[in-house]
Amino acid sequence: MDQQKITILYCRLSNEDALDGESNSIANQRNILTRFAAERGFTNTRILVDDGYTGTNFNRPGVQEGLSLVEQGLVGTWIVKDMSRFGRDYLQVGRYTEIVFPSYDVRFIAVNDGVDSERGDNDFTPFRNLFNDFYAKDTSKKVRSVMKARGTSGKHMGKPPYGYRSDPQDKDHWILDEDAAPVVKRIFDLTIAGVGPSRIARILEADGVLTTKALYAQRKGKPAPERPCHWHEQSVVGILERMEYTGCVCNFKTYSKSYKLKKRIPNAKEDMFILPGTQEAIVSQEQWDRVQELRKNKRRITKGERQGLFSGLAGPVRGILSGRKCSGMWCWSVSGL
């Protein structure tokens, strides 16, 4: 074997895998792989770890670092505890182990599964990869079921937004944040008064109102941001879109099409779980509805689009519009009224 090339010892553990106990822990994987490498003479080793990452995709920093080294021709061997540690998407796993690694002369070993590409094809490997994929799919179903049960129980599924904080007596219950709740109320009041998010952000900054990040940093005794009162327009918009300020639970605001896809898609309102009266409201339902209506009907003039000359007049203008130059300026008149 070429000891000048790197031997990657790859470890991965997802939150779901951690439930299986010590056998899949990062420490156990590391011990198995380092012992295996030492016993078989692999000396130029590099340990790469993805702790808390799912195996259903390859968007993991550790595996991406390793694959980058492979593409540079620097890797001679890639070793994992078993096939599921490398990944649980059987199509992607097959692509790397059967196409990419052979193309770069990378030897692939899965210790506990008896897989070693140097010894030739293992006919059972594709089936093992498929079983790993089924396991991930089944685990995803179980997790979704648990989350569905929690989400429909009337409990919040996320942390309190700016304006609320967790009740010290009950972490699942939100109570008003005495510093932030008035700011939220003011943002809604300004919007109803016709002030846009960008201008609201400037008003808050001018009044020295701490941003969310600055407020939380101050409470935790951490250094404040460079501009602690510099509000962004999107922060204001995010506050205006939170239905929870009416005092309700609002779960399942987004969903994913597949357990293999991490992109979250906005849910239709009828598919959300909304339960009113779960905490003290900062704004009334009427105020929140009014703000959504104002933002929905707000219209910006796009580039190249012009307002009509008589837009905003009470009634239509009937007649012929004509113009002529008067002292170098255009003078307009309407005839035939």
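Predicted model: local features only at pLDDT ≥ 70, side-chain atom pairs only at ≥ 80, totals over all residues.
The strands of a sheet pair through backbone hydrogen bonds, in either a parallel or an antiparallel sense. In this model, five strands form an open sheet in the order β2-β1-β3-β4-β5, and their pairing is mixed. The pairing of β5 with β4 (residues 107-110) is antiparallel and comprises two bridges. Within this pairing, V115 of β5 is the bridge partner of A110. Helix α1 (residues 26-39) lies across β1 (6-13), β2, β3 (75-80) and β4, and runs at about 160° to β1.

A further packing involves helix α7 (residues 197-206) and helix α9 (residues 233-240), whose axes are 8 Å apart and meet at an angle of about 110°. Because angles of 65 to 115 degrees count as roughly perpendicular, α7 and α9 are described as roughly perpendicular to each other. On the α7 side, the contact is formed by P197, S198, I200 and A201, which meet E233, V236, V237 and L240 of α9. The residues of this contact comprise six nonpolar, one polar and one charged.

The cysteines were also examined. A search of the whole structure finds zero disulfides. C248 is accordingly in no disulfide, and the nearest cysteine sulfur, that of C250, lies 5.6 Å away, whereas a disulfide requires sulfur atoms within 2.5 Å. C248 is buried, with a relative accessible area of 3%. C229 is likewise buried, with a relative accessible area of 18%, as the limit for burial is under 20%.

How values were computed
Residues numbered from 1 in each chain as written. Heavy atoms only, no water. Pairing = 2+ DSSP bridges. Helix = DSSP H or I, 4+ residues; strand = E, 2+ residues; numbered from the N terminus. Contact = heavy atoms within 4.5 Å. Axes fitted to C-alpha atoms, helices over the stretch in contact; angles between N-to-C directions. Buried < 20%, exposed > 50% of the residue type's maximum accessible area, 1.4 Å probe, protein only. Parallel < 35°, antiparallel > 145°, perpendicular 65-115°, else oblique. Nonpolar A, V, L, I, M, F, W, Y, C, P; charged D, E, K, R; others polar.
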